[in-house]
Amino acid sequence: MMATPPHIMIQEVAPRDGLQIEAKWVETSEKIRLINSLSAIGFGRIEVSSFVSPAAVPSLRDAADVFAGIERRPGTIYTALIPNRKGAELALAARADELNFVMSASETHNHANMNLTHAQSLASLAEIVKPARACGAMVNATVATAFGCPFEGVQPFEKVLDIVKRYLDLGVDGVTLADTTGMANPIQVSQLVAEVLMLVPADMVTLHFHNTRGLGLVNVLAACDTGVRRFDAALGGLGGCPFAPGASGNVCTEDLVNLCHETGLRTGLDLQRLIDLSFRLPGLVGHEVPGQVAKAGRPLDLHPIPERLRRSA
């Protein structure tokens with residue numbers, strides 16, 4: 001008897017990571033509409049927005065209004081990115097189901113991204129877990145630049161693993177390894193993920209890849225082959241870090257779903273509905289988006305036979 005194909009959990013991050021770098025202001029009502037559409041497609045996790053300084057990320061200054069306006073689908077976890085205790089308090093007030101805390105493996109990038117040292121970031125996380133528990137919210141902790149930093153270069157595995165251990169000691173519910181600027185390669189991914197899975201159960205680990213250098217989907221396969229089943233992705237391939245030079249978009253959701261379905265992995269997501277939603281993005285952000293499947297169509301979306309061939313048949 002054939003084994004049941006693995007189920008891949010895809011967390012949709014376009015409303016937060018996808019829109020944070022956009023120069024064009026996306027109206028609050030349009031953000032809410034996008035999130036509601038993603039909920040209707042059936043995502044188990046959606047990263048709604050982030051509670052950071054509006055001066056640092058003005059495109060998400062309406063985070064509280066977006067959380068207040070969305071229609072919450074039973075079974076979907078609505079996540080907020082937070083950098084510190086103040087952000088956590090705002091996210092909990094907005095009834096976020098999960099707080100996604102972020103600290104970079106690179107001290108330099110952590111300064112650029114959060115204006116904090118590692119010690120300050122970890123002290124903030126220590127202050128966040130207990131109040132989150134009291135509100136019934138989960139805490140996920142992300143290691144940004146886990147596969148490389150645009151300022152410092154490759155980050156030693158030991159450094160990343162030490163941060164993961166510190167996160168676990170503080171009681172987080174999950175850990176994300178983020179390839180913030182698309183510097184990862186599949187060999188590096190397999191090696192680091194194997195080390196992390198010796199510390200953390202696979203169902204607590206998420207991988208966050210960018211397609212900056214065209215290796216995003218290859219890196220997903222490498223992580224999947226090593227045992228990870230949870231991945232971040234952004235509709236249309238939107239996104240990037242405003243504080244990391246050269247950080248272009250995330251792995252594209254519809255491209256990833258197509259890869260999964262073509263290779264026998266289950267996602268529970270309807271590819272055509274994702275493509276239809278992706279078609280709305282250029283009007284939302286004011287430019288074309290990098291996703292490929294929406295442009296090319298599904299692999300078996302066949303085309304009419306040319307007229308000259310039909311006449312000669």
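Student: Is C260 buried or exposed?
Tutor: This is a predicted model, so we're reading computed values here. A residue counts as buried under 20% relative accessible area. The relative accessibility of C260 is 2%, so C260 is buried.

Student: How many disulfides does a search of the whole structure find?
Tutor: Let's check a couple of cysteines. A disulfide needs two sulfur atoms within 2.5 Å. The sulfur of C260 has its closest cysteine sulfur in C224, and at 6.9 Å that's too far for a bond, while the sulfur of C252 is 12 Å from its closest one, in C260, also too far. The search of the whole structure comes back with a count of zero.

Student: What kind of sheet do the eight strands make?
Tutor: Strands of a sheet pair through backbone hydrogen bonds, either parallel or antiparallel. Here the pairing is parallel, and the order runs β1-β2-β3-β4-β5-β6-β7-β8. Neighbouring strands are turned by 30 degrees against each other on average, ignoring direction. What they make is a closed barrel.

Student: Which residue is the bridge partner of Q11 in β2?
Tutor: Start with the two strands: β1 covers residues 9-12 and β2 covers residues 45-50. They pair in the parallel sense over two bridges. On the β2 side, the partner of Q11 is R45.

Student: How many of the residues of strand β6 are buried?
Tutor: In a regular strand the side chains alternate between the two faces of the sheet. In β6, G174, T176 and A178 point one way, V175 and L177 point the other way, and all are buried. So β6 is largely enclosed by the rest of the structure, and the tally is five of the five.

Student: Which residue stands opposite V175 in β6?
Tutor: Look to β5, which runs parallel to β6. Four bridges join β5 to β6. Opposite V175 you'll find A141.

Student: R95 and T145 both have a positive phi; which of them is buried?
Tutor: Most residues other than glycine have a negative phi, and most peptide bonds are trans. R95 has phi near 65 degrees and lies in the loop between α4 and β4, while T145, at about 50 degrees, lies in the loop between β5 and α7. R95 has a relative accessible area of 56%, so R95 is exposed. With a relative accessible area of 0%, the buried one is T145.

Student: How are α9 and α10 placed to each other?
Tutor: Their axes come within 11 Å and cross at roughly 45 degrees. The contact is made by L217, V220 and L221 of α9 and D255, L256 and L259 of α10. The crossing is right-handed. Roughly parallel would need an angle under 35 degrees, and roughly perpendicular means 65 to 115, so α9 and α10 are oblique.

Student: At about what angle does α10 run to β1?
Tutor: Helix α10 takes in residues 253-262. This helix lies across two strands, β1 and β8. Its angle to β1 is about 175 degrees.

Technical notes:
Residues numbered from 1 in each chain as written. Predicted model: local features only at pLDDT ≥ 70, side-chain atom pairs only at ≥ 80, totals over all residues. Heavy atoms only, no water. Pairing = 2+ DSSP bridges. Axes fitted to C-alpha atoms, helices over the stretch in contact; angles between N-to-C directions. Contact = heavy atoms within 4.5 Å. Buried < 20%, exposed > 50% of the residue type's maximum accessible area, 1.4 Å probe, protein only. Parallel < 35°, antiparallel > 145°, perpendicular 65-115°, else oblique. Left-handed = near helix turned anticlockwise from the far one by under 90°.
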